[in-house]
Amino acid sequence: MKNKYVFGGIIIAVFLVLMGYLFTQSNIEYVDDFNKVMVSEKVVKATGSWVKEKNYQIDNQNKTFSFVMADQNGNQMKVIFEGTIPNNFESATSVVVTGKYQNGYFHAKDILTKCPSKYEEKTANSSL
Amino acid sequence: MIGSVILTIALAFSIISMIMYYLNYRGYKNTLNYGRIAYHAMAVLVIAASIFLWYAILTHQYQYNYIYSYSNNSLRNLGVFQLASSFWGGQEGSFMLWLLLTSIVGIILQSYASKRGDLEPRVMAVFTLATTFLLVMVSPWFKNPFEYIWMTPTFVKVEHLNSQFFNLPFIQQFYFTDQSSNQGFIQISKEFVAQLSQAGVSLNQFIVDGKGLNPQLLNFWMQIHPPILFIGFSMATVPFAFAIAALMKNDYKDWVSQAFPWMLAGMGILGLGIMLGGYWAYEMLGWGGYWAWDPVENSSLIPWLVGVAGIHTLLVQKRSQVKGGIGKYAKTNLMLAVLTYVLVLYSTFLTRSGVLGDASVHSFVDPGMIVYLFLILFMGTFTLLGFGMILFRWKTLNENIKDDESILSRELALFTAMIVLIASAIIVLVGTSAPIFGKAVDTFFYNEMHLPLAIIIMFLNGISLLIKWQRSDLNELIKKSLFAAAASIMFTILLIVIGGVHEIMIILLSLTTAFSLFVNIDIAVKIVKGNMKMLGAYVAHIGIALFILGVIGSAVYSEEININLIKGKPVTALGYEMTFTNYNTIENNTKYAFNVKVKKGNSEYNVAPVMYMSDFNNSLVREPAILTLLTKDIYISPLGYDEGGQSQDQHSHNHISLEKGNSTEFGGAKITFVKFNMAPETMQLMQEGKDFQMGAVLKIEKDGKKTQTELLRKQTDGKVEFTSFESKEMNLKIDLEKLSAGVIDIAFSTLDGSESQGSSIPTVGNEVLSVAASTKPFVSLVWVGVVIMVLGFFISMTRRLKDSRIIS
């Protein structure tokens, strides 16, 4: 029985340590306050919504996509994404961007759009 | 109503069956038949309820909330199968599908168990506990697909309603408009339905269309992915039931042979289901990959990894039973069988409870507290039952095997394989569960962790088949592995020299993968000449090796470039000459296919990425085009299309300066600049250089519709911002760019992206298609590998099915 525990134990131990280390390295926190996002030195997942009035820009030369995002308190920041506009961006109710705030912009390496898709109906709230 | 009644009766039968089977196990001989009858009655009712749901979908019974929410009339035009697949378009239906498949699996299980000694009452008592939970899930108190739309007041768009009844006097009380979109709704509530039926109109007559499905889900692979995945989930119930049955009897010998074929078939099907999801992502989503370590993907991978780990140690236990006793790793196997099903339930919890709300693209929306608690109860019950029973029997679970595994024994190699697979499962589990605690991991966490694991797995994959059971001689082992070692080293050198591979970890992974491949091919070839039924394991391992090679090629050596293809002008990228020729409409003018000619040497291919505006969510959907060549895929994902301007002027057509009182036209809309809007104090503020705000009033007319809007120039803290106007109805967007004395500069664009955003047009007057093009070397091996692996699982299953008939 000994070999079993030695082999199994070593592998599990090595990977747990490695995992613990990598987990702290790749650990990303969700932040919904842009004031905190702007001062954070780490990569974060910023959650908020796209400011539709400020439109978005697609720069074909630099291959970037940029837009303005606001958090629930109305704090705004400009987001630049190296890549193209995600599907469903226009209809997204909330946006989660992963990246870092630097030099006045949030540099996103990933954009996740949450849609008011099939799961909920927009509530109409003003009667005629 | 009928559906809910059927499901409630089925629930009663499931409970009766569970009690009868349990009583039979406790010694009441005459209850066995009642248990069987009740089970079959339950299964028949579940099948009937499913048929009824399908019938209601096909006949567009939009009075059911589920059918209104996930299907519509236009799905019918795509075919009966497309419409029928909205059965599992949402949460309620996917629980229903899971229940249906579990019930059918149970019919087979009952017949299987009844032929194997006194197994049936124990196995079925546990199995019916699972069907009971699923039936409670779809019962009228939880996620019932037969809930009427009015039970929770729902706003239904006027387009989905029959307008001939709009003159009914009471309609006005229930009519609402959303001011931002001018969308009219009628609130369907209990009071409304009561009034409607008084007027002699049924709800089914009143609601004439549904919301439909996200167009990205309307893909063949996405439609067969859920049923296959849920067959895998349903079959994972069986090894759990066998393990508990063994613990109940306190006899751990026979369950191993009996559960083995179920484990193999279940994991084979689950693996196939997971792959189909990846294939769909690759073909539809256009980001170029098949696996993103997304929580929803991960959550079904975790039970698969644990189940496959279990297959390896089950084999050892079975093998070691030859010497008498219950065999090696009896506790491990019980735990893994329990864990596989518990993790299936955990997967359901992660994806259905809303805990991953922010983390996943396709996580379901919060189902409410009561469902959340029920999912925890479901998971908790099976976890406690499984691990509680194992702990309860811990002391009697004695393997009575004194001899240690030799370092060079297949037993130890397989045990190590199990450990490595479990390590992989733990990594995925930790990463996927992190969002519950408000954290998330970057995908490099999974990739970095799996690289060393994959190296070990592939090495074991080869070496374990060369090592003999119990003990092998080192010299003999070296001699046997000589061919595979030499061949894999040759292969890796070729890869380094020709393929330009130079990262050390990738070299190691290629080496061990090639080693595994050659060992397995070598043995498989020998077997084909001899005993075919032994082939399963080798086929499965060849599949995994090919899969890993495909992953290395497509993930590590993929090249990607964004290019602008000007109509008729060839662009050379990635070694291919690409020319955008033209576009045409497809599928009844609902989608646009952009034809691109891809040329290399004398070979010429045509591909056509697709873009269209989806009515479902009013956004642009892009579908990639994939050109599958012998050694790689060329993957062309559309980014945008710009029709270019027709005017000779340096300004493109959609930028214009407009004087006060003048009009211009764009896309069939007439736009008039009416006046400036300025507060009295603005002039003062302007002169003092302070912040101020100023508006330009525009009148817009299109197709007889008139609207007025005000575009603003806002200045705060010296920063100037302009607002814009958007109308989905008119497919028009107007950006204010400049305000000066008597003149405004504005830019027009369409909302469907057919015209780009003004200033970024690279070449005026040309039609430009922007694409992201990439090469995916050997990506086909990913699919081929998984299919071969699944085939191996099934070959093994047929062999183990024969073994399971032998009762000690």
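Me: What percentage of the 128 residues of chain A count as buried?
Reply: This is a predicted model. A residue is buried if 20 or more other C-beta atoms lie within 10 Å of its own. Of the 128 residues of chain A, the share that counts as buried is 32%.

Me: In what order do the elements of chain A run from the N terminus on?
Reply: Chain A has two helices and eight strands. Read from the N terminus on, these elements of chain A run α-β-α-β-β-β-β-β-β-β.

Me: Is Asp522(B) buried, exposed or partly exposed?
Reply: Asp522(B) sits in helix α18 of chain B, residues 504-529. Buried needs 20 or more other C-beta atoms within 10 Å, and exposed needs 12 or fewer. Because Asp522(B) has 19 C-beta neighbours inside 10 Å, Asp522(B) counts as partly exposed.

Me: Which residues is Asp522(B) in contact with, leaving aside its neighbours within four places in sequence?
Reply: Contact requires C-beta atoms within 7 Å. With neighbours within four places in sequence left aside, the contacts of Asp522(B) are Phe483(B) and Ala484(B).

Me: Which residues does Phe242(B) touch, not counting residues up to four places away in sequence?
Reply: Not counting residues up to four places away in sequence, Phe242(B) touches Val123(B), Trp255(B), Gln258(B), Ala259(B) and Ala337(B).

How values were computed:
Residues are numbered from 1 along each chain as its sequence is written. Chains are lettered from A and ligands numbered from 1 in the order in which they are written. This is a predicted model: local features need pLDDT of at least 70, side-chain atom pairs count only at pLDDT 80 or more; totals for chains, interfaces and linings use all residues. Helices (H or I, at least four residues) and strands (E, at least two) are DSSP runs, numbered from the N terminus. Two residues are in contact if their C-beta atoms, placed from the backbone, lie within 7 Å.
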